[in-house]
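Let's take a walk through this one together, a stop at a time. Have the viewer open and follow along.

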Amino acid sequence: MAKKKIGIYGTQESTANHKVEDLYIIVDHQSIHFAVKHLVSNHYIAFESFVSGNEVNGFTQLLAYLQNNSKLMHSVYNNVHFVMNNSRVLISKQQNVKDNTIYQNELNIVFGQQPDQELLVTNIDQQKVLVSTIHDIYQTLLTRSFPTGKWSHYANAMLNYAHQNGVHLYFFESFYILLIKNQEGVQFLKYFEESEEAQNVYNVLSACKHLQINPNNESLFLRGYHAENNHWVIELGTYFNEAVVEQASEEGAGKALHQEYPNHQFATYFIF
């Protein structure tokens, strides 16, 4: 069964007749996070984090809870957003076709075929799309209980949030996302499992070299960075012009997180 890791709660204002908050449900391979954002102040007022551990069906009861309480969520929140944060994602050239089979084939070539997956294709700009998949179990949750809901990929929010050109690293419990942007737009996006320090540094520098980017002329942006867990970034930073640590806002739930979990890795869930 999924276990609660963090629970930070502020004062909720939304009612059935006054919906001023949105709920974000972010899912990855081992955790589910809930973030409540006030639409007027743009501050996050609540945050919960659940981990599944090593149980194969660790999220089953949690998904059942969502299904059973879907009406309550719809009655309170302005919108409920469903976000998948998995590594089965890529950026592709936009094709002028109605059939998305070409994107599915590209995804299968890169990651291999996986059964029971539904394809998600989202426009990034006029030339590129973001291609990912969602497992049927999560799509069924929406079909049965949130018929107006749609899944999006975490990378969508990341691309919208990371406005500045440079090299961006977003850190999570056991993996990180590398995003590289320049004046021509997004050049690189990939998930990496946390590995040995030298391998992690190599992953980033190798991507820069492949794109003919000189790190000495670039900024390194870090979100969710934790000095103890991501110690290898200290060495990585020596290759760049500057390293900028980005944290969640000190307002609302972000303030409580900073107080109770110093140097927390949860700033990556406050970008929506």
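Before the first stop, a cut-off: a residue is called buried under 20% relative accessible area, exposed over 50%, and partly exposed in between. Keep in mind too that this is a predicted model.

Now find Ser152. Its relative accessible area is 28%, so it lands in the partly exposed class. Ser152 sits in strand S9, which covers residues 151-153. Leaving aside residues up to four places away in sequence, Ser152 touches Phe82, Val83 and Met84. For a sense of scale, go from Ser152 to Leu205: they are 53 residues apart in sequence, and their C-alpha atoms are 29 Å apart in space.

Next up is helix H3, residues 101-111, where Tyr103, Leu107 and Asn108 are buried. How do those buried residues sit around the axis of H3? Look down that axis and they fall within an arc of 135°, so they line one face of the helix. Just after H3 you'll run into Gly112, with a positive phi of about 90°.

Last stop, the rings. Searching the whole structure turns up 19 aromatic pairs. Take Tyr44 and Phe270: the ring centres are 4.8 Å apart and the planes stand at 70°, so this pair counts as edge-to-face. Tyr44 belongs to strand S4 (residues 44-51) and Phe270 to the segment after helix H8 (253-260), so the pair links distant parts of the chain, 226 residues apart. Tyr44 and Phe270 are both buried.

Phe47 and Tyr269 make another aromatic pair, this one tilted, with 6.0 Å from centre to centre and 40° between the planes. Here too distant parts of the chain are linked: Phe47 is in strand S4, Tyr269 is in the segment after H8, and 222 residues separate them. Are these two buried or exposed? Phe47 has a relative accessible area of 0%, so it is buried, and Tyr269, at 3%, counts as buried as well.

Key
Residues numbered from 1 in each chain as written. Predicted model: local features only at pLDDT ≥ 70, side-chain atom pairs only at ≥ 80, totals over all residues. Heavy atoms only, no water. Helix = DSSP H or I, 4+ residues; strand = E, 2+ residues; numbered from the N terminus. Buried < 20%, exposed > 50% of the residue type's maximum accessible area, 1.4 Å probe, protein only. Contact = heavy atoms within 4.5 Å. Arc of directions from axis to C-beta. Phe/Tyr/Trp six-rings, centres within 6.5 Å; stacked < 30°, edge-to-face > 60°.
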